[in-house]
Amino acid sequence: MIEIKNLTKSFHGKRVLDIESLNITAKGITIIRGENGLGKTTLLNIIADIEGQYEGEVIKSGINSMDMTFVQQKPYLMNRSVFDNIAYPLKVRRWSKDLIDKRVEDLLTEFNIGHLAEKNAGRLSSGEGQKVAIARALSFRPKLLLLDEPTSNLDKESTILTEKVIKIYAKREEAGVVMISHDNEQIKRIGGRVIDLRVYLKGED
Amino acid sequence: MDYIVQGFSKALSLLTGFDRELYSIIFLSIFVSLTATLIVTLVFIPLGVGLGLKKIRGEKFFSRLLFSLMGVPSVVVGLLVALLISRRSVFGFLGLLYTPGAMIIAQTFLVIPLGMGLAYKLSKKQGRRIKNEGKLMGARGIDLLFLVLRELKGELLVISLTCFSRAITEVGAVMIVGGNIKGKTRVMTTTISMMNSMGDYAMGIALGIILLLITFIVNSFAYVFHQED
């Protein structure tokens, strides 16, 4: 469970996020929706621990920082091959080479990007890059996966495939997936709990 | 004009004849500047990267200080180092004045702000993003630092080459702490300066050609790495 209490965040004196109370279940899929500028990305940054300065409490029961990850809208891919990018989280967790190879091969197949394995990730299209970033995030089987509009650069076919992989992952690993989406069709397809962020913001109708 | 033509002709014969004095000056120059650059590359550039990754108090002041120090004239750096290592001073007992060691120290101090400042700025701009992504992938401590250094290696190499260029082309610091002693501390820039004042252009032109070649090669490398990155 992710418990958020009296959370406020300001940039240069301007308050960009103000939530009194919000609970997000750490199992299954939760979709956060809301108009641009409501602070959805800021909220995920805070949950992912990459937004250092804020006021209030964000309690992630049973999840430490090594058990979660976040795929940002414009993810940074390392200047190495796609294979090495996906393998990196496993290398820092000291997995054996055989296990790493097996896991990366599985993900390359699952995302239908096997043909890109040896390509430098810096030379991918934004859509290919987004798929690689999601595959990399899933590699170490996080308990909590945060996704900021994960299919914004994908074509229809890749979007459907990615949604399917995310749904299967959440179910099979009993993991929590919190994702931002503006796409009503996508929200219907994925299902799960939908949080309209506006409802939880102080001073909003 | 004749003296220029004669100077060039004699310079070429010195170069092609592998004149012992000329080449000892070239090798000493490269040795001193390369050592200073290596020290800065191995210690102060990673330090600049490390500092750039952290949000520190007085960040703006620190940036301003580093960038101001980049512009300190080499003679001032030479003078400060000479004051520290002169016989009557704190480190006088080391007997470093007028040795290649003193020249390495002076050039190291000269290029520290350049290497560290550029690395700090690069790290603040790009390193923090890589660090955040690294943390999200589970990297911590030394893994995280290696990730940032590896991802920025192209740019960091360019910074290192810039430091070498600055070191090998300066004249003020090595002149003061080295003393331009024949066969001991004479380097390319101090020799060119001395030969010019003596009106002996051949050696000066020969060293000028080598210095230009080195600068051209180093900057070409820097350009290629920058383009590739």
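**The interface between chains B and A**

In this predicted model, ten residue pairs are in polar contact between chain B and chain A, with both members of each pair at pLDDT 80 or more. The elements of chain B that supply two or more residues to the side touching chain A are α5 (100–137) and α6 (141–151). Of these, α5(B) gives the most, with seven residues. Sorted by class, the side of chain B that touches chain A is made up of eight charged, five nonpolar and two polar residues.

The extent of the interface can be described in residues and in area. On the chain B side, 15 residues are in contact with 23 residues of chain A. Together, chain B and chain A bury about 1,800 Å² between them, and carbon and sulfur atoms account for 45% of that area.

Charged pairs also link the two chains. Three salt bridges are counted between chain B and chain A, while the structure holds 16 salt bridges over all chains. One of the pairs bridging the chains is formed by A:Arg80 and B:Glu151, whose closest N and O atoms are 3.7 Å apart. A:Arg80 lies in the loop between β5 (68–71) and α2 (82–92) of chain A, and B:Glu151 in helix α6 of chain B, so this pair joins two chains.

It is also worth looking at the architecture of chain B as a whole. Its secondary structure comprises ten helices and zero strands, and reading along the sequence gives the pattern α-α-α-α-α-α-α-α-α-α. Taken along the principal axes, the C-alpha atoms of chain B fill a box of roughly 65 × 45 × 25 Å.

Chain B also carries a nonpolar patch on its surface. This patch, of about 520 Å², is made by B:Met1, B:Tyr3, B:Ile4, B:Phe8 and B:Tyr201. Helix α1 (residues 2–16) of chain B provides the largest share of the patch, three residues.

Terms used. Residues numbered from 1 in each chain as written. Chains lettered and ligands numbered in written order. Predicted model: local features only at pLDDT ≥ 70, side-chain atom pairs only at ≥ 80, totals over all residues. Heavy atoms only, no water. Contact = heavy atoms within 4.5 Å. Buried area = accessible area lost by both parts, 1.4 Å probe. Salt bridge = Lys/Arg side-chain N within 4 Å of Asp/Glu carboxyl O. Polar contact = N/O pair within 3.5 Å; in protein donor to acceptor, adjacent residues only side chain to side chain. Helix = DSSP H or I, 4+ residues; strand = E, 2+ residues; numbered from the N terminus. Nonpolar A, V, L, I, M, F, W, Y, C, P; charged D, E, K, R; others polar. Patch = residues over 30% accessible without salt bridge, like charges linked within 9 Å, V, L, I, M, F, W, Y side chains within 5 Å. Areas by Shrake-Rupley, 256 points an atom, 1.4 Å probe, with all protein chains shown as cover.
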